[in-house]
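Let's take a friendly walk through a protein model together. Have the structure open beside you as you read.

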Amino acid sequence: MKRDHDQPHVGHDDHDHADTPAAAPTASCGPCCGESPQLVPAADSPVSTGLRFRVPAMDCASEESEVRRAVEGIAGIRSLTFRLGERSLRIDASPDVAEQAAASIRRTGFEIHPWPQATTPGGESAATADDDHGHDHDHAPGAGFARPVIALALATGAEALSFLSPDTTLFKGLGMAIAAAAIAFAGIDVFKKGASALLHGRLNINALMAVAVAGAFVIGQWPEAAMVMALYAIAELIESKAVDRARNAISGLLAMAPEDANIRQADGAWLATPVATVPVGATARIRPGERVPLDGIVTEGTSAIDQAPVTGESIPVDKGVGDPVFAGTINQSGTLTFKVTAAASNSTLARIIHAVEQAQGSRAPTQRFVDRFAAVYTPAVFVLALAVALLGPWVLGWAWLTAIYKALVLLVIACPCALVISTPVTVVSGLAAGARRGILIKGGIHLEQASLLKAIALDKTGTITEGKPKLVEWHALSAEVDAVLAEHIAAALTAQSDHPVSRAIAAGLKPNGVEVKNFTALPGRGVQAEIDGAVYVLGNHRLIEDRGQCSPALEATLSTYEKAGRTVSLLASDAGPLAVFAVADTIKPTSRQAIAELAAMGIVPVMLTGDNQATAEAIGRDAGLTEVRGNLLPEDKLAAIQSMQARYGATAMTGDGINDAPALAQADIGVAMGAAGTDIAMEAADVVVMNDDLRRIAETVRLSRKTHAVLWQNITLALGIKAVFFVLAVFGSATMWMAVFADMGASLLVVFNGLRLLRSTERG
């Protein structure tokens with residue numbers, strides 16, 4: 001199950017992003033729409049390339065597919081970027097090729113116009129925020145329901161008039177007029193789009209509903225035709241609002257970053273400044289209780305920061321000078337001053353949202369299957385309805401009007417919305433649920449594939465361990481050695497060195513004022529200096545051997561430490577070794593639990609590391625691992641992943657996204673750990689855990705398995721309900737309004753079932 005990194009661009013659903021909120025889908029096709037919340041991409045985001053067009057009639061996934069088919073085979077198109085909420089299409093190609101593609105789209109019956117060129121300060125088209133250009137519906141509170149509610153009232157009146165009024169031409173004409181008015185209020189756009197689709201040989205939901213309602217009206221079922229259209233419009237609006245909750249779940253993070261930042265001016269004064277205008281390198285200040293406006297590095301002060309919006313950590317993180325802070329996080333206790341390290345459009349929070357939005361646009365395997373199935377399903381049911389209308393009277397002896405009515409009911413049931421929406425809502429909910437927990441999943445395909453994992457390779461440093469050496473133990477080698485003096489000398493020597501092991505020892509000892517003279521680094525072995533007229537060295541096992549100061553007893557001591565996976569340094573004078581200092585990269589507090597969880601889920605955890613085998617085995621035993629492979633170069637890790645895939649099946653690789661690049665690329669899923677603020681890791685991996693908690697990997701697998709289960713629950717619900725009503729429509733007494741309730745009910749069921757993924761995260 002090798003990951004497909006080279007899928008053709010024209011087949012992707014990469015959605016564009018802007019600085020305006022996503023519009024709700026129109027009543028004509030809310031649940032099938034594929035737009036996602038509009039977000040500010042990084043300045044160098046590739047979505048800003050190409051020519052942009054407006055396609056007024058394109059607001060459905062099926063219409064998007066028709067547009068894709070129209071440009072298939074045109075050489076030179078690098079990618080297509082859809083924003084269905086605005087009916088916009090960006091064609092990444094040369095101007096000549098883009099115009100050729102636009103002409104091909106026009107030939108299929110779609111209007112397509114160049115996007116207006118006026119721009120806002122944010123760089124996006126000014127028309128983006130203008131409903132007259134971007135949307136075909138009103139955004140005023142409650143406005144979306146006004147027309148369908150009026151239509152429902154008129155349809156109810158037509159039904160009442162049909163039942164209660166005398167059977168005269170006058171009352172029939174009045175009832176038909178009221179029914180026609182109801183249809184016009186609720187479905188004029190449906191008829192326009194349906195007529196356009198039929199004229200160009202396309203079958204979509206608008207065409208089906210237009211034919212069904214018009215047919216019912218013609219055969220005298222005008223009250224029912226009006227009620228069907230009114231109920232359809234209301235159900236579409238309710239459904240679209242539910243769908244919006246999933247699509248907009250992650251965009252709410254944008255509101256977490258304040259619009260203004262308190263910036264130090266040249267004269268030293270502080271001024272509230274819009275974050276969009278703050279340059280990199282500026283100095284900002286945040287007080288207790290305020291949200292961090294921009295990414296930065298602390299230069300003054302200490303505080304605790306709630307980083308849940310970015311990393312999903314529930315416990316505030318202590319921050320001091322030199323520590324990073326992220327936009328959207330919350331300052332808890334002290335005042336902090338920090339240097340801005342990224343523009344507002346390129347902050348960690350903005351990049352997370354942008355990445356999730358791109359992931360929401362990508363189609364998961366189940367979604368691609370459903371889309372292919374729906375493309376066959378709709379015309380097949382249309383043919384079935386036609387057969388019922390034409391053959392029913394001849395084969396089954398039905399009256400012609402009865403056969404036609406049954407066929408029209410089938411057309412209503414043929415609406416593929418419940419089936420088509422069953423997958424994207426669930427996938428988007430899963431992606432948003434992960435993001436809320438600090439798990440950035442880079443696409444629906446990775447969200448689904450995580451449920452199939454059988455093994456996972458874990459890098460040691462920074463994944464299982466802290467990645468920061470610490471002094472874990474030290475002691476004098478004999479009772480004759482003054483331990484206090486040995487500590488002072490070791491602290492003085494290590495304070496002069498920038499080697500990671502020396503820094504770890506220095507951090508674990510008390511600083512002092514011992515004067516060091518003639519300090520010398522001994523590359524690959526340690527350091528040497530003169531203190532109070534005596535020469536001291538602090539170095540590794542090799543240095544002591546070179547000095548001829550090793551003894552069997554000392555060798556035994558060092559062997560014990562080395563087998564425990566600890567790096568040993570020895571303090572010695574000309575008289576002999578004085579003290580031993582053991583440094584280790586300690587296991588994270590959560591690693592043991594995380595590895596136990598993975599094993600309990602049936603996933604085999606394996607450590608792959610470049611450290612020596614003895615150290616690797618010591619760390620592995622401590623972490624609860626049974627399989628450990630040490631002394632691995634990058635190409636060895638790649639071979640290890642291939643071996644695990646052959647032995648176990650689907651395999652994930654967890655690393656830093658840089659040194660482990662070959663293994664990450666080979667693995668079915670690549671996971672980067674602790675990548676908050678790390679551009680390379682966010683780009684390299686399929687899944688990014690924004691803090692360094694290894695337990696998030698098991699959580700990702702659980703989320704994937706739950707998402708997979710909900711996906712197939714939704715598909716079963718959608719197809720099962722339709723199958724029941726197919727039988728009722730042909731052999732029973734199903735009516736058109738019952739079919740609308742069944743179809744829209746199925747759509748609402750799959751939407752709310754998919755939203756359970758969000759609700760479970762909120763409870764968590």
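## Two strands side by side

Strand S17 pairs with strand S22, which covers residues 576–587, in the antiparallel sense over 8 bridges. To find a spot on this pairing, look for Leu471, which stands opposite Val583 in S22. Strands of a sheet pair through backbone hydrogen bonds, and such pairing can be parallel or antiparallel.

This pair belongs to an open sheet of 6 strands, ordered S17-S22-S21-S20-S19-S18, with antiparallel pairing. Which are the edge strands? They are S17 (465–476) and S18 (517–522), each of which pairs on one side only. From one strand to the next, the twist averages 15 degrees.

The protein has an average pLDDT of 78, and 80% of the residues score at least 70.

Two stretches call for care. Over residues 1–48, pLDDT stays under 50, and the model has 164 contacts beyond four places in sequence for them. Residues 118–143 also keep a pLDDT under 50, with 53 contacts beyond four places in sequence. Where pLDDT is low, the predicted coordinates should not be read in detail.

## A strand tucked inside

Is strand S4 largely enclosed or open? In S4 (residues 88–92), 5 of the 5 residues are buried, so the strand is largely enclosed by the rest of the structure. The covering reaches both faces: Ser88, Arg90 and Asp92 are buried on one side, and Leu89 and Ile91 are buried on the other.

S4 also has a partner, strand S2 (residues 51–54), and 4 bridges join the two in an antiparallel arrangement. Within this pairing, Phe53 stands opposite Leu89 in S4.

## Charged partners

Side chains of opposite charge can pair when their charged atoms come close. How many salt bridges does the model contain? The count comes to 14 salt bridges. One of them joins the side chains of Arg264 and Glu300, at 3.9 Å from N to O. This pair links distant parts of the chain, with Arg264 in strand S6 (residues 260–264) and Glu300 in strand S9 (residues 296–300), 36 residues apart. Arg264 is partly exposed, with a relative accessible area of 35%, and Glu300 is partly exposed at 42%.

The side chains of Arg525 and Asp546 form a salt bridge too, at 3.5 Å from N to O. Arg525 sits in the loop between S18 and strand S19 (526–531), while Asp546 sits in helix H18 (residues 541–546), so the pair ties together parts that are 21 residues apart in sequence. Arg525 is partly exposed at 29% relative accessible area, and Asp546 is partly exposed at 47%. In another salt bridge, Arg702 meets Glu597 at 3.6 Å from N to O. Because Arg702 lies in helix H25 (residues 695–731) and Glu597 in helix H20 (residues 591–600), this pair ties together parts that are 105 residues apart in sequence. Arg702 is partly exposed, with a relative accessible area of 41%. There is also a network, in which salt bridges that share partners join Arg437, Arg696 and Glu699.

## A buried glutamine

Now find Gln549, in the loop between H18 and helix H19 (552–563). Is Gln549 buried or exposed? With a relative accessible area of 14%, Gln549 is buried, because buried means under 20%.

What does Gln549 touch, leaving aside its neighbours within four places in sequence? Its contacts are Ile544, Leu554, Ala572, Ser573, Asp574, Ala575, Gly576 and Pro577.

Most residues other than glycine have a negative phi. Asn518, which is not a glycine, has a positive phi of about 50 degrees. Asn518 is found in strand S18 and counts as exposed, at 58% relative accessibility.

Asp532 also has a positive phi, near 50 degrees, in a residue other than glycine. Asp532 lies in the loop between S19 and strand S20 (534–539). At 77% relative accessibility, Asp532 counts as exposed.

Methods: Residues numbered from 1 in each chain as written. Heavy atoms only, no water. Pairing = 2+ DSSP bridges. Axes fitted to C-alpha atoms, helices over the stretch in contact; angles between N-to-C directions. pLDDT = per-residue confidence, 0-100. Contact = heavy atoms within 4.5 Å. Salt bridge = Lys/Arg side-chain N within 4 Å of Asp/Glu carboxyl O. Buried < 20%, exposed > 50% of the residue type's maximum accessible area, 1.4 Å probe, protein only.
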